[in-house]
Amino acid sequence: MSFGNQVQLKVYQNLEENIIPVSFEELEEKAKKVLDAKPFDYVAASAGAEVTVKNNSKSFEKWQIVPRMLCDTSKRDLSIELFGKTLSYPLLCAPIGVQSIVHPEGELASARAAAAMDVPFISSTASTYSLEKTAEAMGDRNRWFQLYWSSDREVAASMVRRAEAAGYSAIVITLDTPMMAWREKDIEHAYLPFLQAEGIGNYLSDPVFCSRLEKSPQEDIRSAIMLWAQIFGNPALTWKDLEFIKMQTSLPILLKGILHPDDAKLAIEHGVDGIIVSNHGGRQVDGAIPAIDALPEVCDVVNGQIPVLMDSGIRRGADIVKALSLGAKAVLVGRPYMYGLALAGEAGVKQVLRNLIADFDLTMALSGKKSVRELDRSLLKRI
Ligand SMILES: Cc1cc2nc3c(=O)[nH]c(=O)nc-3n(C[C@H](O)[C@H](O)[C@H](O)COP(=O)(O)O)c2cc1C
Ligand SMILES: O=C(O)C(=O)c1ccccc1
């Protein structure tokens with residue numbers, strides 16, 4: 001038997017390092033065993049009756065790969081070009097807030113793992129550690145900053161400026177979460193880590209945020225938490241407001257949470273540099289369309305003018321092959337790396353990323369494609 005790829009070879013050679021389950025389902029199950037119910041449910045659960053999160057996965061199954069034969073896939077290229085940089089793989093770590101609830105090193109461990117695997121890390125506004133500390137953990141590796149647009153727009157502007165100064169190379173504005181959705185598990189547990197000051201590291205270290213407080217967060221953490229709760233999201237935002245953020249930075253701006261083709265059109269009209277098709281892993285609008293089903297129409301209206309990325313339901317290599325074949329330039333992995341983090345910190349995240357890349361490379365090759373540029377809709381059949 002021959003090994004299909006270098007990453008796979010590494011997976012086999014490092015069997016003793018295989019410290020976490022390989023399958024997503026077992027990974028989730030094991031994370032459930034080691035974590036307390038509150039943080040586990042915060043990560044695993046979704047909005048409402050959790051219909052959308054289930055359909056995110058089910059809809060991937062509706063798209064089936066029809067592999068091609070005799071295509072010489074002995075040498076393969078997984079790299080892509082994005083905003084003037086070469087990415088080794090069409091994969092990024094999704095922005096995930098408050099990672100310290102599953103592991104004390106939180107985002108710092110995930111960011112180090114992403115850097116080691118040459119996977120860009122998207123740092124969340126709602127991180128436990130500040131964006132500067134996360135940047136420091138990554139050296140010169142590619143990183144993006146995700147913005148939750150505060151209702152105090154000077155706070156939002158300050159974070160964007162800090163991100164640019166700290167070497168982040170793109171800004172992702174998440175549009176689908178101006179407020180937290182109805183998440184039944186979190187309500188049952190009465191669990192919101194932010195109320196214990198977890199996940200607000202970017203605010204506590206922000207000069208504009210701190211200037212709004214009478215006393216420093218060290219002297220009066222309750223007031224800081226209250227202010228955070230007041231200004232976290234901004235449901236009043238409209239397309240016109242994008243101009244303000246664009247004025248704060250020269251970095252490319254992506255909009256995350258696009259599902260409707262008309263919103264994709266508006267995004268282009270308003271001069272953004274990229275979009276991320278996402279339903280936030282089913283955590284916001286329960287009943288929302290699965291992201292993989294929204295992707296083809298969005299890609300049709302975008303028609304190659306700007307890169308379209310996607311997340312929500314990426315679990316295995318075949319999911320990446322399908323998303324890219326439907327027009328995504330790259331995908332974001334979410335919950336799987338949180339479970340890797342919960343089980344084994346930095347090494348766990350590394351293993352999740354390495355397995356996903358190896359699986360993607362093999363699935364692409366066995367489908368008869370030697371580079372991501374060759375993936376298109378002719379490879380898929382919808383049932
Ligand atoms: C625990 C958790 C926290 C998240 N925090 C953020 C966040 O701070 N900012 C953001 O844009 N998206 C956030 N997301 C959404 C992810 O970026 C991504 O859209 C989602 O995880 C994709 O779904 P999947 O994990 O089921 O694949 C979060 C998701 C989870 C599971
Ligand atoms: O939990 C989430 O999905 C999320 O996006 C979020 C929102 C606010 C703070 C932290 C995470």
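Begin at ligand 1: its shell divides into 7 nonpolar, 10 polar and 4 charged residues. Here Ala, Val, Leu, Ile, Met, Phe, Trp, Tyr, Cys and Pro count as nonpolar, Asp, Glu, Lys and Arg as charged, and the others, Gly among them, as polar. The shell holds 21 residues, and the closest are A94, G97, S124, G281 and G334. A residue belongs to a shell if its C-beta atom, placed from the backbone, lies within 6 Å of the molecule.

The model is predicted: local features need pLDDT of at least 70, side-chain atom pairs count only at pLDDT 80 or more, and totals for chains, interfaces and linings use all residues. Residues are numbered from 1 along each chain as its sequence is written, while chains are lettered from A and ligands numbered from 1 in the order in which they are written.

Next, select ligand 2. Around it stand G97, V98, A126, T177, M180, G199, H280 and R283. They divide into 3 nonpolar, 4 polar and 1 charged.

Now select strand β7, residues 171–174. Helices (H or I, at least four residues) and strands (E, at least two) are DSSP runs, numbered from the N terminus. In a regular strand the side chains alternate between the two faces of the sheet. I171 and I173 lie on one side of β7, V172 and T174 on the other, and all are buried. Buried means 20 or more other C-beta atoms within 10 Å of the residue's own; exposed means 12 or fewer, and partly exposed is in between, with C-beta atoms placed from the backbone.

Strand β6 (residues 143–147) runs parallel to β7, joined by 3 bridges. Strand β8 (residues 253–258) pairs with β7, also parallel, over 4 bridges. Pairing requires at least two DSSP bridges between the strands.

Show helix α7, residues 153–165: with β6 and β7 it makes a right-handed β-α-β unit. Right-handed means that, with the strands pointing away from the viewer, the path from the first strand over the helix to the second runs clockwise.

Move to L87 in strand β3, residues 85–87. L87 is partly exposed, with 19 other C-beta atoms within 10 Å. Select V119 too: its C-alpha is 7.4 Å from that of L87, though they are 32 residues apart in sequence.

Finish on helix α16, residues 335–366. Where does α16 kink? The kink, about 145 degrees, is centred on A344. α16 is largely enclosed by the rest of the structure, because 29 of its 32 residues are buried. Just after α16, G368 takes a positive phi of about 90 degrees.

Definitions and conventions:
Expected span 1.5 Å × (residues − 1). Bend = angle between axes of the 7 residues up to and from the residue.
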